Amino acid sequence: PPAALPRYSAGGQLLLPGTRDMHIHLDKTFYGGPWQAPRPRQGKTIMDMIALEQTLIPKLLPTSQQRAEGLIALLQSKGSTVARSHCNIDPVSGLKSLEHLQRALENQRAGFSCEIVAFPQHGLLHSKVDALMREAMQMGVQYVGGLDPTNVDGAMEKSLDAMFQIALDSGKGVDIHLHETSPAGVAAIDYMIATVEKNPALRGKVTISHAFALSTLDEGRLSDTAERLAAQQIDIASTVPIGSLMMPLPQLSEKGVFVMTGTDSVIDHWSPFGSGDMLEKANLYAQLYRGSDEFHLSRSLAIATGNLLPLNDQGRRVWPQVGDDAGFMLVDASCSAEAVARISPRRATFHQGRLVYGSVAKA
């Protein structure tokens with residue numbers, strides 16, 4: 001390499017691909033402020049939560065930029081310098097949440113890359129934000145968001161059509177929150193696949209986040225749906241949920257569906273449990289889907305890195321290669337299987353060849 005390039009001594013640490021947080025809300029968090037737990041959720045509907053958020057957002061806005069920058073630093077400390085953040089577009093905050101998030105990202109541009117999803121958290125139709133969403137598209141946002149078209153907007157086809165029309169008109173992608181597990185959730189997935197099939201411009205540009213309805217499908221129906229998702233290159237973003245709901249993530253991957261993971265909430269009014277650690281998500285994936293042997297532990301890392309692994313299934317090194325993006329982390333582990341199983345400490349994080357977290361000696 002040219003002598004002018006910086007050189008570091010990794011000190012025996014393991015070099016692994018950087019992780020990616022592909023579903024997070026950087027714009028609204030309690031992180032960086034005094035501790036507060038969410039209010040009790042028992043008996044509360046998503047509409048109740050939306051009503052609560054309408055009172056909380058104005059209180060969060062004055063510090064939202066600083067807290068977003070604090071969250072970015074947290075992600076960097078966990079090995080992530082690539083993310084996709086959903087950002088509220090609602091009648092309460094207007095475009096302020098987006099403006100604050102964009103300022104935070106600009107301040108951290110040298111060490112962090114992030115796509116933004118304009119997210120109508122209070123319902124695209126319910127909160128009448130079509131015009132605001134279109135304004136957001138003109139401000140450099142990469143994705144049109146959406147939310148539970150039946151449970152929140154009360155009109156599945158009309159809501160999804162409105163979301164897709166914004167995407168088609170602006171040439172942007174789509175990333176929708178779909179929590180519905182009722183038959184309405186399955187119908188929404190089918191409708192979205194059919195919409196992409198009819199509109200080739202959307203192929204490869206749609207992500208369904210959560211997609212809990214897939215967990216309700218029998219084996220045959222799941223196989224057919226997964227094949228259709230893969231054919232249209234529709235991605236699934238999952239937080240790898242635990243509990244009674246078991247997402248069929250390995251089955252989706254086997255059919256060629258690109259599955260990625262993310263934090264979702266980090267200490268906010270929805271959940272206090274988000275740590276910002278994608279290696280922790282890989283660990284959870286391994287536990288849920290019985291990946292306790294060396295091979296499957298190492299494969300589980302893929303959900304956190306955008307399918308980038310140092311070794312392929314045959315054990316040949318496929319990363320890093322000349323020309324690869326220089327995004328990586330140094331981990332206190334002997335191999336990727338150990339890193340996943342033990343959620344090993346990250347000692348340093350690099351973004352595009354720049355040290356953005358930790359300390360490592362110059363060679």
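This is a predicted model: local features need pLDDT of at least 70, side-chain atom pairs count only at pLDDT 80 or more; totals for chains, interfaces and linings use all residues.
Reader: Where is histidine 210 found?

Author: Histidine 210 is in strand S8, residues 206-210.

Reader: Got it. What is the phi of histidine 210?

Author: Phi of histidine 210 is positive, about 75°, although the residue is not a glycine. Most residues other than glycine have a negative phi.

Reader: And is histidine 210 buried or exposed?

Author: Histidine 210 is buried, because its relative accessible area is 3% and buried means under 20%.

Reader: What about phi in alanine 211?

Author: Alanine 211 has a positive phi too, near 50°. Alanine 211 lies in the loop between S8 and helix H7 (219-231). Its relative accessible area is 0%, so alanine 211 is buried.

Reader: Which residues does a cis peptide bond join?

Author: Tryptophan 319 and proline 320. Omega there is about -5°. Proline 320 sits in the loop between helix H11 (302-305) and S11. Most peptide bonds are trans.

Reader: New topic. Where is aspartate 175?

Author: Aspartate 175 is in strand S7, residues 173-178.

Reader: Buried or exposed? I mean aspartate 175.

Author: Aspartate 175 counts as buried because its relative accessibility is 0%.

Reader: Which side chains does the side chain of aspartate 175 make a polar contact with?

Author: One is arginine 84, at 2.9 Å. Another is serine 209, at 2.7 Å.

Reader: Which strand does S7 pair with in the parallel sense?

Author: Strand S6, residues 143-147, over five bridges. Glycine 146 stands opposite isoleucine 176 in S7.

Reader: Where is lysine 172?

Author: Lysine 172 is in the loop between H5 and S7. Lysine 172 is buried, because its relative accessible area is 18% and the cut-off for buried is under 20%.

Reader: Which backbone oxygens does the side chain of lysine 172 reach?

Author: The backbone oxygen of valine 141 is one, at 2.6 Å. The backbone oxygen of methionine 137 lies 2.9 Å from a polar atom of the lysine 172 side chain. Lysine 172 also touches residues including Gln142, Ala167 and Lys205.

Reader: And how many residues apart are lysine 172 and leucine 202 in sequence?

Author: They are 30 residues apart in sequence, and 8.5 Å apart in space, C-alpha to C-alpha.

Reader: Switching to the core. How many residues are in the largest nonpolar core?

Author: There are 84. Leu26, Met163, Ile208, Leu214, Leu229, Leu249 and Leu252 touch the most other members.

Reader: Which helix gives the most to this core?

Author: Helix H5, residues 156-170, with seven residues. Apart from this core lies another, of nine residues, among them Ile46, Met49, Phe119 and Val152.

Reader: What does leucine 249 touch?

Author: Its contacts include Val240, Tyr285, Tyr289 and Ile303.

Reader: Now rings. How many aromatic pairs are there?

Author: The count comes to three. Tyrosine 285 and tyrosine 289 form a tilted pair, 4.8 Å centre to centre, with 50° between the planes. Tyrosine 285 counts as buried at 14% relative accessibility, and tyrosine 289 counts as buried at 18%.

Reader: What about phenylalanine 328 and phenylalanine 350, how are they paired?

Author: That pair is stacked: 4.6 Å centre to centre, 20° between the planes. Phenylalanine 328 is in strand S11, residues 328-331, and phenylalanine 350 is in strand S12, residues 346-351. They are 22 residues apart, and the pair links distant parts of the chain.

Reader: Are those two buried or exposed?

Author: Phenylalanine 328 counts as buried at 18% relative accessibility. Phenylalanine 350 is buried as well, with a relative accessible area of 3%.

Reader: Last one. Which residues do ring pairs link into a cluster?

Author: Tyr8, Phe328 and Phe350.

Key
Residues are numbered from 1 along each chain as its sequence is written. Side-chain values use heavy atoms; hydrogens and water are left out. Helices (H or I, at least four residues) and strands (E, at least two) are DSSP runs, numbered from the N terminus. Buried means under 20% relative accessible area, exposed over 50%, partly exposed in between (1.4 Å probe, protein chains only). A polar contact is a pair of N or O atoms within 3.5 Å; within protein, one must be able to donate a hydrogen and the other to accept it, and residues adjacent in sequence count only if both atoms are side-chain atoms. A nonpolar core is a set of buried Ala, Val, Leu, Ile, Met, Phe, Trp, Tyr and Cys residues joined through side-chain atoms within 4.5 Å. Contact means heavy atoms within 4.5 Å. Rings of Phe, Tyr and Trp (its six-membered ring) pair if their centres lie within 6.5 Å; planes under 30 degrees apart count as stacked, over 60 as edge-to-face and the rest as tilted. Two strands pair if DSSP finds at least two bridges between them. Lists of a residue's contacts leave out its neighbours within four places in sequence.
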